[in-house]
Amino acid sequence: MAAVVMFLLLLQEEQNMAPKLEIEPGSSTAYHTGDWATQQPLYQNKWPPCSQTCPASEDIQGWLALASEQQWQAAWHKLAERNPFPATMGRICYHACESPCNRKHLDSAVNIHAMERYLGDMAIAQGWCHEAISDNAQSQRVAIVGAGPAGLSCAFQLVRRGYHVTIFDAQAKPGGTLRSAIPDYRLPKSVLASEIEVILALGIELRLNTRVGKEISEGELRDQFDALFLAIGTQQARPHSYNDRPEKGGSHHSIMSGIEFLQSLNRGEQMRLPKQVAVVGGGNTAVDVARCVRRLGAEVTVICAQDPHGTHHRDLATEMPASLTEVVEAEAEEVQLIYRAGVRRLVRSGEHLSGIEIARVDQVHDRHGNFNPKYFDGTEEFIPAGLVIFAIGQEADWHGLETLPEADGVWLGGDTVSKSKLAAVAVGSGYQAAMSIASSLKGESSVFNDHKKSKITFREMQLHYYPKQPRHEGETSEQRLDGFKEVVKGLSDNAAEQEAKRCLSCGVCFECDNCWHFCPDAAVIKKEGGYQIDYDYCKGCGICAEECPCGHIDMAAVT
Amino acid sequence: MSSFHEIRLHGRGGQGTVSAAALLALTAFEDGFESQAFPKFGSERRGAPVEAYVRISRSVIRAHNQLYRPDAVVIQDTGLLRSEPLLRGLKPGGLIVLNATEKPADMGHSFRWISLPASQIGERHIGRPLPNTVLLGALAAGTGWVSLRALERAITDHLSSKGETVVNANIEAVREGYLFTSNEEELVL
Amino acid sequence: MDKRDLFRDNVLTSGHRACSGCGEAMAARMVTDLIGPDAIYINATGCLQVFSSHNQQSAWQAPWIHSVFANAAAVASGVEAALRAKGKNTPVIVQAGDGGTFDIGLQCLSGMIERGHDILFVCYDNEAYMNTGVQRSSSTPHAVRTTTSPPGRLANGKHELKKDVISIMAAHHMPYAATATIAYFPDLKAKVEKAMSIKGPRFLQVLSPCPLGWMHDSALSVTVSRLAVETGLFPLLELEHGELTGVMRLAEQKPVEEYLRPQGRFKHLFTGKEGGVELRHLQALADARIRRYGLLEADTKWDTARAMQSERNGRGGYVSTSTSGGAEHGA
Amino acid sequence: MKQLLEGSQAVAEAVRLCRPQVVAAYPITPQTHIIERLAQHVANGELAAEFINAESEFGAASIVLGAVASGARSFTATASQGLLLMTEVLYNIAGLRLPVVMICANRAVGAPINIFSDHQDSMSVRDAGWIQLYVDSNQMAVDMLIQAYRIAEVCELPVMVCMDGFLLTHTFEPVVLPSQAEVDGYLPAFQFARTLDPTQPMTIGGASEADNYQEYRIAQHHAMENSLAVIEALDAEFEQQFGRTSGGLLQGYCLDGAQIVLLGMGSLMGAVCDAVDNLRTQGEAVGALSLRCFRPFPAQALIQYLSGAQRIIVLEKAISIGGGGIVAAELRAALYQAGITTPLESVIGGLGGRDLTPEVIETIFKKRVEAETEMTNHFAPNHIITDEIDSGGKAHG
């Protein structure tokens, strides 16, 4: 037995000296294959094209993600962070967000505006309230002139951050252009009122029927408030030059501006129209006007200087600025559209307007970018019309506020300063003004990060990872010309649930696990609520970036 | 060397030649001898000529080579005489135990012959014309190298797995082979 | 032991020395994490063995043994017999490449199946002898360039066809044999889980692209394996007791060229004079497989589009769920 | 109890008594009777083991590899072509240091194909890393097999018990089979630390490179060398318990005063001993040495036994083609190393079943002794015996 014992001792001794016959589990982790990598993946949230396009910079992907999980209220809060008017905007916004939606390369764009409206309507129905961001009350006071979308948006942001906000408006009711210029068939007044009410409920002081320079002076504003936001909108029509006999004292009964027309309609005034009406202009106001004219029972022809949608899509400057969906709706309502034409003169028969003479135009804008159409002689045409409505743009009415824009502590916003007179732009400018005001009041420099985010296109995504799903639409009313009832209905609950899931989450990780599953090197570690790349082991093959459905992962050279 | 015996058994595949050799070795072992049995090495094919060998000794048998100078030869099938050199190496005065009614007239010089109808005897007892155990009985009687009692015990041991009937039938067959030989006058030519 | 990841066991963990973008490493990591560390793994010689057990460093976090090239199935038979003798029912898993399955290991594999051992044999099929530097195997498809089937004045790559090993497996009438690939994780998961729920010999052939041997960008391993399926060249099948019981329907058939283009091993078909014939031959092979297995018309809820589906918060992960997706059984 | 048993049956019983949990084999003559018997034991419930009918010897070796690596005592047996088919796995088993035990029913290697006994098969895998024990008789086969498990499990080295095909496997002779209790008393239950077990996972059989491969091989070689003492000690322990020795590494016969020693391995040693007895009666100072353990090569023990000899004749049943006698070459090397210059004759014979009778051995002896008087070269050339004597009496009539 001694020999056996001796052997065992020798065996043990030798095994201690010799390399081990068994290898420790997981001992390979001592070897860092990350040293092999010449490139490395980075998780990087991108700016989805919808948010990038949204004038209000809504985190559309963010609130759709919450909606897809049926966290409706959270989705609504997320949406309202940038836009406290979802029910309103969901109806009237021309949803620029949808046209760059990457989903259209798979099937069709996500119905973002319908989802927005769905959330807004749900909030109204459920009586959801906005929440303050900060409980700390700030001592500074901010005055906002104009209770339109820009002013209310700014007020909303500031009041939630603890500032005292007072809004002044010359009108008897808040809402600005939303109230005065949007026809009821697109936006019922009750919806707007509800959303404004919830915003004001945050503690905003609202002084109606108060015109600066009249009920309150510029000086009083300057004295009483630490900051001033002017969002007075564009409430007066841009003058036109087609009159061979300029009217005195404003409008003539055969010539109107689009804004006048819509304002009086929205005030509930009875309007009697001739049998045939011509509308001049290619913007959304022109189309709104035309559609309202149809509802009032008259025939209408829209004279538009630009090209129809889609004909010159590479050169958007020549494309009609009105929203395509609105044009499609208008055509469905038998609105006649004449493109690339301008009014050469008004044709009168005595006191009455009998029609307009139009001619085809070549250039719409001159070298300086000003609207300056050139007519082709010999293309003249007579369009019979008892009323011609010029919807060729609006301007701000600076009366009484002339000195303010130049002063310190004053911010401008909304349609007043925006080139694009969209409600969403106004909301966005209200947000930006609020951020700037807040920074200024705190003595900080304001920082906007949105534009620093990298953008993402479908080419950087893997669309095959998404199943095809048809877009859900709200139903359209069949008796649309029968009055000013809302034409488009909201999404059903089921459709909304499905539609929210259609969002591709462009550039924003939705934790599909692809990178985690596909990493050959187990270098992607899954954590609660996300992933982490272990660069000790990542060999930089690029599979995670290649197979990331939403393009959230970028490969970068190892430096 | 008188206590050292080498026996060669001839038969055809299927006749139990190797089995008989093992049985004989076992018998010797039962009698207190050292013994060894082995077949002619090679693949086993039914019907082909088969040889098996037995060594019986008072002392330990160390060698494992084949045997070439048998003291006795057991032939289970006279048909083999036509083709095989069955008597090769048989020592002078050696014994031949032949499964036949009579000794072939033209064979054998200075050998002892025992001929007996082993197949018929086997058939009578076992139900099949199996000559092997009968021939072992004859060999035991003809040589006295092993005892009938030991042979019977070896059969009992060796065949126990096949049941009492088989054991008894073989014991009867062995006894008849043994008695047949004891009663016959040995042929010495 | 490496426990970095809370959501899977990393049975094959980091620090292994597979090439960047290795499809086999990916496949093995998926399969072994689906099965988990409470199993015994037997590995044939090959890339997986070499890169995972390099010089006193092991990437395995489960009991793992490598013997020689040809004998993995037999070693596993012994392991399984030993476990049976000791009254244990630890799962026994064999991992081998196509060489260790289609060629040198086929005899031991056949014996293992015939004897009915309770073993899952997983073949990571990368269609050539990659470990030794890309020589052709009987799994190498027709017309492929390898170092031992080079195109030349008299040759257009491998002349012979890919061995139909799944049919050989099915001919054993074994309880379960299936094909899968890394691109369709839910399908792979369902098949592994199904295989693990069945007793007896089981076989899983996982197409695992090799960026080195297939000569594609290392980032394209998943993409290429997906295209192999979508073109019909690599049908995803399930066979039980010799009968076809499930296929992955093709949501749409893609032309083989989409699969071949990114791979340098087919490049000569696009540049050589005779390549056109071989391209048509490969398309015909795909068409024939689609027809043979009814890949376009099979009555299944599952198809190549749905199986790709990315879902918010993961695709089932590695924790076994009885309700997870998986190949529907075709009519 | 002493019984008359066929060699195959005797070792099968010995295997049964060692309680293997897995038996895997592929049939090949002359190993078949061993595994047939074991299959019957399993079928009868007399041996609680998994009996695996492998698809080849390569598979069979692999199966026992896997089984032992999973902590089950295992057994396989083969011969000849089968052993060579196993070769790759034999090296692997040894390199993994798995205590596998097998029987090689020694048989010639083709071509030409030949099913009869010689040592070419096991000698061809002498470098695989297995302990090789050659047995002279069936009793020794039984005893060695039981010892083999003990040796393998103590040393973590595989053991091959080499018993001559037919000459032993197919021969009935008296064998003492120990009782189960006796074997249990000698051979403890299987214990092996390096097993595949999820509760203690480890990687076995990983790739190695130049910086440590050699150390693995050196460790293996040292274990082999160290096992010499274990083999001897375990034989002594066996003798103490069972009253029989297998001689350990080697066993001498009539070495007292022997000037000429006949050295060989396996069943031919019976005939050698008989020849020695005959030669002694003729006045020759001759003895025999049976080499039991060829791997590890017991150089020291051999030197001890042979230091007094004036001439050594190595008789072996295998040849290194182009080289000559294998045992002779190794022995010569060992003697040279020890500074011993005793003339050593290498005689090769018994190939493919050619019978080595005492008479043949005596003839060899006499020829070599006669040759000495004429030879000055101490290192005699190899000789291959082709037809030393008439292969047997021709037919009479």
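How many Å should the 12 residues of helix α12 of chain A span at 1.5 Å a residue? Before I answer, please keep in mind that this is a predicted model, in which local features need pLDDT of at least 70 and side-chain atom pairs count only at pLDDT 80 or more, while totals for chains, interfaces and linings use all residues. Residues are numbered from 1 along each chain as its sequence is written, and chains are lettered from A, with ligands numbered from 1, in the order in which they are written.

The expected span, taken as 1.5 Å times one less than the number of residues, is 16 Å for α12(A), residues 284-295, and the end C-alpha atoms are 16 Å apart, which agrees. Helices here are DSSP runs of H or I with at least four residues, strands are runs of E with at least two, and both are numbered from the N terminus.

This helix is mostly covered, with 10 of its 12 residues buried, where buried asks for 20 or more other C-beta atoms, placed from the backbone, within 10 Å of a residue's own. Among the buried residues are A:Asn284, A:Asp288 and A:Arg291, and what covers them includes α11 (258-266), β9 (276-280) and α13 (324-332) of chain A. Just after α12(A), A:Gly297 takes a positive phi of about 95 degrees.

Conventions: Contact = placed C-beta atoms within 7 Å.
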